[in-house]
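Hi,

Here is the structure I promised to pass on.

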Amino acid sequence: MEKKFMGFSWSLVGVLMFIMILIAKSKSVDAITCQEALLSLMPCRPFLTGGESTPVATCCSAVANINAAATTTAIRKDLCRCLEAASRSEGVDPDKAKQLPQLCGVTVAISFDPTINCDT
């Protein structure tokens, strides 16, 4: 039987930690790092991957906090690229990602849509 950590399999935790280490070595943004954004969005994973029909309150708080930290165009582009890369590697449903801000009642300055062009 596979051991679980906070509801996630150890293999998934290992993959996430590896991704976060790689990201931590990359360029960080002024107000929030990619690693910080990904860690704060962990409660959103069940919704974003199709396991849950609605995001939990802690997920919505993370969306609002990340949005508040995205104060410049450079930060928004960096976060967009970060979320885009993580979405591809974690099997995020693009439709769920597009719905997330609206379901959380947050008007966002950054896109959670993994199919968007981050340079525009």
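Cys104 is buried, with a relative accessible area of 15% (buried means under 20% relative accessible area, exposed over 50%, and partly exposed in between, using a 1.4 Å probe and protein chains only). Its disulfide partner is Cys60, at an S to S distance of 2.1 Å (a disulfide being a pair of cysteine sulfur atoms within 2.5 Å). Cys60 lies in helix 4 and Cys104 in helix 6 (residues 94-104), so this pair ties together parts that are 44 residues apart in sequence. By helix I mean a DSSP run of H or I with at least four residues, numbered from the N terminus; strands are E runs of at least two. Cys60 comes out at 15% relative accessible area too, so Cys60 is buried. The link is left-handed, with -75 degrees about the S-S bond.

Before you dig in: this is a predicted model, where local features need pLDDT of at least 70 and side-chain atom pairs count only at pLDDT 80 or more, while totals for chains, interfaces and linings use all residues. Residues are numbered from 1 along each chain as its sequence is written, and side-chain values use heavy atoms, with hydrogens and water left out.

Back to the cysteines. The structure holds four disulfides, and their pattern is 1-6, 2-3, 4-7, 5-8, counting bonded cysteines along the chain. Another of them is Cys44 to Cys59, at 2.0 Å from S to S. This link is right-handed, with 105 degrees about the S-S bond. Cys44 sits in the loop between helix 2 (34-40) and helix 3 (45-48), and Cys59 sits in helix 4, 15 residues apart. Both Cys44 and Cys59 are buried.

Then there is Cys80 with Cys118, also a disulfide, with an S to S distance of 2.0 Å. The angle about that S-S bond is -75 degrees, making the link left-handed. It connects distant parts of the chain, as Cys80 is in helix 5 (residues 73-90) and Cys118 is in the segment after helix 6, 38 residues apart. Both cysteines, Cys80 and Cys118, are buried.

Helix 4 (residues 57-69) also holds Val63. Val63 has 0% relative accessibility, so Val63 counts as buried. Which residues does Val63 contact, leaving aside neighbours within four places in sequence? The list is Leu41, Cys44, Leu100, Pro101, Cys104, Val106, Val108 and Phe112 (contact means heavy atoms within 4.5 Å). Val63 and Leu100 are 37 residues apart in sequence, and their C-alpha atoms are 8.2 Å apart in space.

Now the charged side chains. A search of the whole structure finds four salt bridges (a side-chain nitrogen of Lys or Arg within 4 Å of a carboxyl oxygen of Asp or Glu). One of them is Arg81 with Asp119, with the closest N and O atoms 2.3 Å apart. Arg81 is in helix 5 and Asp119 in the segment after helix 6, 38 residues apart. Arg81 also meets Asp78 in a salt bridge, at 3.5 Å from N to O. Asp78 and Arg81 are three residues apart in helix 5, so about one helical turn separates them. Asp78 is buried at 18% relative accessibility, Arg81 is partly exposed at 36%, and Asp119 is partly exposed at 47%.

Helix 5 has another pair: Glu84 and Arg88 lie four residues apart in this helix, about one turn, and their side chains form a salt bridge at 3.5 Å, N to O. Glu84 is buried at 19% relative accessibility, whereas Arg88 is exposed at 61%. As for Asp78, Arg81 and Asp119, salt bridges with shared partners join them into one network.

Cheers
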